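Subject: Structure for you to look at

Hello,

Here is the structure I promised to send. Please open it next to this email and follow along.

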Amino acid sequence: MASTISKAIPKSLPKPLPLDQRKQIYLPDFVLTLIRTPFLPPRYASFWVPLTFNKLDMKDYMKRVYNVDVIKVRSYVEQQKVTRELPRGRQGVGPMRRPMPKKKMTIEMTEPFVWPEEPEDFEPWERDTFFEAKKMQEDFQAAYAHDAPMKAPTRKRQLLAEQAKQVLKGEEQWQPTWQALGLSSQRPLFNKEGREPKEASKTQEPVQSPKS
């Protein structure tokens, strides 16, 4: 068995290259966000960068990724407002805390960069569908939140107010609930067993109680 396996394996297998001779590929583990700044000159651009990002990293990143020469870099750390927040996300209660600050860098380039015009039609990106799904998710979470029973039914009140205005203007005619559902007002009565009582015959004589 061992001899057959050794014959099947070729003797001259390609040996792996040493680590220093391999082509090294480095992928960035950070995210840079370009900010739309129409108030800046064409040779300036602003980015949101990680807090650990420095000016040398920015120059090297712009040169190696976009082949853009940078003359000057200005950095600014923006502190966030102090808030009160619990782990569940409720505002206004709990200890005071300051969220993590944000770092912004503005670079000066050798060549101008002009922002492309913002598209007017966002249908190819399905922006309306995204916001509708987001609102539906927020409404669902608010309806099943722990404090949902304590909130006023704002949506129901708005619908009732709109319906009342339509009735007062004569655009809509008010109907009772049973009529709007297509039911009949002459509904038969049912006994405890859930059956309709039989009508007594007019010719039937009343039952007399036995004499004592």
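To start, where is the place of Leu51? Leu51 sits in the loop between β2 and α2. This is a predicted model, so please read everything below with that in mind.

**Nonpolar patch**

Leu51 belongs to a nonpolar surface patch together with Val77 and Met100. The three residues have about 290 Å² of accessible area together. Leu51 has a relative accessible area of 38%. That value lies between the 20% and 50% limits, so Leu51 counts as partly exposed.

**Overall layout**

The chain has five helices and six strands. Along the sequence, the pattern is α-β-β-α-β-β-β-β-α-α-α. The chain has 212 residues, and 10% of them count as buried.

**Aromatic pairs**

The search of the whole structure gave seven aromatic pairs. One of them joins Phe30 and Phe53. Their ring centres are 5.0 Å apart, with 55° between the planes. That geometry is tilted. The pair links distant parts of the chain, 23 residues apart. Phe30 is in the loop between α1 (2–8) and β1 (33–35). Phe53 is in the loop between β2 (44–49) and α2 (55–66).

Buried or exposed: how does Phe53 count? Phe53 is buried, at 4% relative accessibility. Phe30 is partly exposed, with a relative accessible area of 29%.

Phe30 also pairs with Tyr61. Here the centres are 5.7 Å apart and the planes are at 65°, so the pair is edge-to-face. Tyr61 lies in helix α2 and Phe30 in the loop between α1 and β1, so this pair ties together parts 31 residues apart in sequence. Tyr61 has 18% relative accessibility and counts as buried because the limit is under 20%.

Phe30, Phe53, Tyr61 and Tyr66 form one aromatic cluster.

**Salt bridges**

How many salt bridges does a search of the whole structure find? The search finds four.

Arg43 is partly exposed, at 31% relative accessibility. Glu108 is buried, with a relative accessible area of 12%.

Next, look at helix α2. Asp60 forms a salt bridge with Arg64. The closest N and O atoms are 2.8 Å apart. Asp60 and Arg64 are separated by about one helical turn because they are four residues apart in helix α2. Asp60 is partly exposed, with a relative accessible area of 38%. Arg64 is exposed, at 66%.

Helix α3 holds both Lys135 and Asp139. They form a salt bridge, with the closest N and O atoms 3.0 Å apart. They are four residues apart, about one turn of the helix. Lys135 counts as exposed, at 51% relative accessibility. Asp139 is partly exposed, with a relative accessible area of 41%.

**Negative patch**

Which residues gather in a patch of negative charge on the surface? They are Glu117, Glu120, Asp121, Glu123, Glu126, Asp128 and Glu132. Glu120 lies in the loop between β6 (102–109) and α3 (127–143). Glu120 is exposed, with a relative accessible area of 82%. Glu126 lies in the loop between β6 and α3. At 51% relative accessibility, Glu126 counts as exposed because the limit is over 50%.

**Positive phi**

Most residues other than glycine have a negative phi.

Asn67 is another non-glycine residue with a positive phi, near 55°. Asn67 lies in the loop between α2 and β3 (70–78). Asn67 counts as exposed, at 57% relative accessibility.

Best wishes

How values were computed: Residues are numbered from 1 along each chain as its sequence is written. This is a predicted model: local features need pLDDT of at least 70, side-chain atom pairs count only at pLDDT 80 or more; totals for chains, interfaces and linings use all residues. Side-chain values use heavy atoms; hydrogens and water are left out. Patches are made of residues with over 30% relative accessible area and no salt bridge: like charges are joined within 9 Å, nonpolar side chains (Val, Leu, Ile, Met, Phe, Trp, Tyr) within 5 Å. Accessible areas come from the Shrake-Rupley method with a 1.4 Å probe; for residues, only the protein chains shown count as cover. A salt bridge is a side-chain nitrogen of Lys or Arg within 4 Å of a carboxyl oxygen of Asp or Glu. Lys and Arg count as positive and Asp and Glu as negative; His and the chain ends are not counted. The place of a charge is taken as NZ of Lys, CZ of Arg, CG of Asp or CD of Glu. Helices (H or I, at least four residues) and strands (E, at least two) are DSSP runs, numbered from the N terminus. Buried means under 20% relative accessible area, exposed over 50%, partly exposed in between (1.4 Å probe, protein chains only). Rings of Phe, Tyr and Trp (its six-membered ring) pair if their centres lie within 6.5 Å; planes under 30 degrees apart count as stacked, over 60 as edge-to-face and the rest as tilted.
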